[in-house]
Amino acid sequence: MIVMILSVILFLIFIALGGIHFYWLFGGVWALKKAIPTRENEVNSLAIPKIATLIVGLVLVSFGLVYLLKSSLIEFQVSNWIINYAYWFIPSIFILRAIGDFNYVGFFKKIKHTTFAKADSKVFVPLCLTIGIMGILIQYLS
């Protein structure tokens with residue numbers, strides 16, 4: 001039962017995150033300044049192409065569907081090795097994201113006083129760590 005609940009929560013988180021990326025893809029600007037890493041002078045360190053936003057949105061929705069499969073609310077034939085790999089791969093990505101790149105993102109970032117860095121510390125790092133821990137819990141409890 002706990003695996004189903006955690007899986008549905010992760011499904012909802014990933015669908016919401018994917019939805020935000022699709023919103024940005026179609027021109028939305030809400031929270032965009034807080035989502036792109038910036039240098040100390042608040043200049044974007046990345047120029048993010050629309051195709052990258054589309055890919056990230058699709059990947060996040062796909063991650064959500066993987067956890068919806070785990071919840072057993074839907075059934076779909078997928079190779080066992082692929083799905084087992086995904087259940088370790090997804091939490092690993094988010095734990096690594098929480099740790100960071102040692103410059104702009106994560107626990108150990110050097111740049112800490114920009115709008116993005118503050119949002120990263122308050123929202124993105126805890127969210128990524130939570131996703132990672134929940135994913136690992138799902139694996140160990142199932």
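**Helix pairs and buried residues**

Guide: Let us begin with a pair of helices: α1 and α3 cross in a left-handed way. Keep in mind that this is a predicted model.

Visitor: Why are α1 and α3 called roughly antiparallel?
Guide: Look at the angle. α1 and helix α3, which covers residues 50-70, pack at about 165 degrees. Angles over 145 degrees count as roughly antiparallel, so α1 and α3 get that name. Their axes are 8 Å apart.

Visitor: What kinds of residues make up the contact of α1 with α3?
Guide: By class, there are 18 nonpolar, six polar and two charged residues in the contact of α1 with α3.

Visitor: Where does His21 lie?
Guide: His21 is part of helix α1, which runs over residues 2-25.

Visitor: How do you know whether His21 is buried or exposed?
Guide: We set a value against a cut-off. The relative accessible area of His21 is 18%, and buried means under 20%, so His21 is buried. Leaving aside neighbours within four places in sequence, His21 is in contact with Thr53, Val56, Gly57 and Leu60.

Visitor: What makes α4 roughly antiparallel to α5?
Guide: The angle again. Helix α4 (residues 80-99) and helix α5 (residues 115-141) pack at about 155 degrees, and their axes are 7 Å apart. The cut-off for roughly antiparallel is over 145 degrees, so α4 is roughly antiparallel to α5. As for handedness, α4 passes α5 in a left-handed crossing.

Visitor: Which residues make the contact between α4 and α5?
Guide: From α4, they include Tyr87, Trp88, Pro91 and Phe94. From α5, Phe124, Val125, Cys128 and Leu129 are among them. By class, the contact of α4 with α5 has 14 nonpolar, four polar and two charged residues.

Visitor: Where is the place of Ile111?
Guide: Ile111 sits in the loop between α4 and α5.

Visitor: Which residues does Ile111 touch?
Guide: Not counting residues up to four places away in sequence, Ile111 touches Thr38, Arg39, Glu40, Asn103, Tyr104 and Ala117.

Visitor: How far is Ile111 from Ile83, by C-alpha atoms?
Guide: These two isoleucines are 28 residues apart along the chain, and their C-alpha atoms are separated by 37 Å.

Notes
Residues numbered from 1 in each chain as written. Predicted model: local features only at pLDDT ≥ 70, side-chain atom pairs only at ≥ 80, totals over all residues. Heavy atoms only, no water. Axes fitted to C-alpha atoms, helices over the stretch in contact; angles between N-to-C directions. Helix = DSSP H or I, 4+ residues; strand = E, 2+ residues; numbered from the N terminus. Parallel < 35°, antiparallel > 145°, perpendicular 65-115°, else oblique. Left-handed = near helix turned anticlockwise from the far one by under 90°. Contact = heavy atoms within 4.5 Å. Nonpolar A, V, L, I, M, F, W, Y, C, P; charged D, E, K, R; others polar. Buried < 20%, exposed > 50% of the residue type's maximum accessible area, 1.4 Å probe, protein only.
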